[in-house]
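Q: I'd like to learn how to read a fold from its coordinates. Could you walk me through this one step by step?

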Amino acid sequence: MKYEKYLPIGSVVILKEAQKRMMIIGFCCESENKETYDYAGCLYPEGVIAPDKTLLFNHDQIARIYCIGFKDEEEERFKEKLNEMLKKIKG
C-alpha cells in the first residue's frame with residue numbers, strides 16, 4: 001500500500017537497507033550541507049538519545065511503514081499548510 005508524503009509525527013518506519021526502525025519526529029529539515037529532507041527521525045523504540053542521532057531522510061527511502069502516527073483535524077490542517085508552503089518554495 002502506498003501512503004502519501006508526510007506521514008504524521010510518531011509514524012514508525014524502516015528505511016531501505018536499514019536494520020533499525022525509525023520514528024518520525026519532524027518535517028522538512030535542513031542538513032548541514034543545506035539539503036532539505038522530508039523527515040527527521042529517531043531510533044525506535046529508543047527515541048531521541050542524543051542530538052547527533054537524529055536521521056534525516058526522504059519519503060522515497062521508506063521501505064515499510066509499521067505504524068501511522070496520530071491523525072486528527074489539527075494534523076490535517078498542518079499538512080495542508082506544509083504543502084502550501086512547499087509549493088511556494090518550489091515554484
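Q: Which residue in the turn of the β2 and β3 hairpin has a positive phi?

A: Happy to start there. This is a predicted model, where local features need pLDDT of at least 70, side-chain atom pairs count only at pLDDT 80 or more, and totals for chains, interfaces and linings use all residues. Residues are numbered from 1 along each chain as its sequence is written, and side-chain values use heavy atoms, with hydrogens and water left out. Strands are DSSP runs of E with at least two residues, helices are runs of H or I with at least four, and both are numbered from the N terminus. In the β2-β3 hairpin, five residues lie between the strands, and K34 in the turn has a positive phi of about 70°.

Q: How many bridges join β2 to β3?

A: Two strands pair if DSSP finds at least two bridges between them. Here β2 and β3 run antiparallel and are joined by seven bridges; M22, for one, has L43 in β3 as its bridge partner.

Q: What is the strand order in the open sheet?

A: The five strands are ordered β4-β3-β2-β1-β5, with antiparallel pairing. β4 (55-57) and β5 (62-67) are the edge strands, each with a single partner, so one side of each has no neighbour in the sheet.

Q: Which residues make up the largest nonpolar core?

A: A nonpolar core is a set of buried Ala, Val, Leu, Ile, Met, Phe, Trp, Tyr and Cys residues joined through side-chain atoms within 4.5 Å. Buried means under 20% relative accessible area, exposed over 50%, and partly exposed in between (1.4 Å probe, protein chains only). The largest core has twelve residues: Y6, L7, V13, L15, M22, I24, F27, Y39, F57, I62, L82 and L86.

Q: Is the aromatic pair of F27 and F78 stacked, edge-to-face or tilted?

A: Rings of Phe, Tyr and Trp (its six-membered ring) pair if their centres lie within 6.5 Å; planes under 30 degrees apart are stacked, over 60 edge-to-face, and the rest tilted. F27 and F78 are tilted, at 5.5 Å centre to centre with 40° between the planes. This pair links strand β2 to helix α1, 51 residues apart. F27 is buried at 17% relative accessible area, whereas F78 is partly exposed at 42%.
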